[in-house]
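Subject: Structure handover

Dear colleague,

Please find the structure below. Notes on what was found in it follow.

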Amino acid sequence: PPAGMGRDKGKGENDGGGAAKGKGKGKGKAAEPEVPSKGVAAMEIRHILVEKQSLALDVIEMVNAGKKTFNEAAREFSIDKAGRSGLLGWKRRDELDPVFWEAALLCPEGQYLGEPVKTQW
């Protein structure tokens with residue numbers, strides 16, 4: 001489960017997609033927003049991939065407390081070394097785990113999720 005993922009600025013020309021960054025994903029539970037999946041062709045995504053939910057929660061807490069930036073946490077804790085600072089780059093729906101894609105759509109641009117997202121990875 002990625003410890004965090006978020007969205008950056010970066011809407012495509014006509015795709016309505018934002019970039020996913022991993023910084024400031026919201027805390028707590030909010031009302032279920034409608035998933036803006038139509039019209040989003042691709043998003044730029046960052047994540048922190050860890051094996052244990054307990055570590056994911058610890059990493060989110062470190063970032064929330066300001067002890068580490070999202071990028072620092074990604075470099076230190078993510079087991080996915082392919083992405084620099086958690087950066088996966090621009091991805092289309094068919095390139096990502098469906099649960100991860102849907103979570104990215106719900107994440108406000110320039111922020112990160114406050115809860116881990118469990119995926120097949």
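Helices (H or I, at least four residues) and strands (E, at least two) are DSSP runs, numbered from the N terminus. Tryptophan 90 lies in strand β3. This is a predicted model, in which local features need pLDDT of at least 70 and side-chain atom pairs count only at pLDDT 80 or more, while totals for chains, interfaces and linings use all residues. Residues are numbered from 1 along each chain as its sequence is written, and side-chain values use heavy atoms, with hydrogens and water left out.

Tryptophan 90 has 41% relative accessibility and therefore counts as partly exposed (between buried, under 20% relative accessible area, and exposed, over 50%; 1.4 Å probe, protein chains only). Its C-alpha atom is separated by 4.0 Å from that of glutamate 44, 46 residues apart along the chain.

In helix α2 (residues 70-77), the residues Phe70, Ala73, Ala74 and Phe77 are buried. They lie on the same side of α2, because they cover an arc of only 100° around the axis (taken from the directions from the helix axis to the C-beta atoms).

Regards
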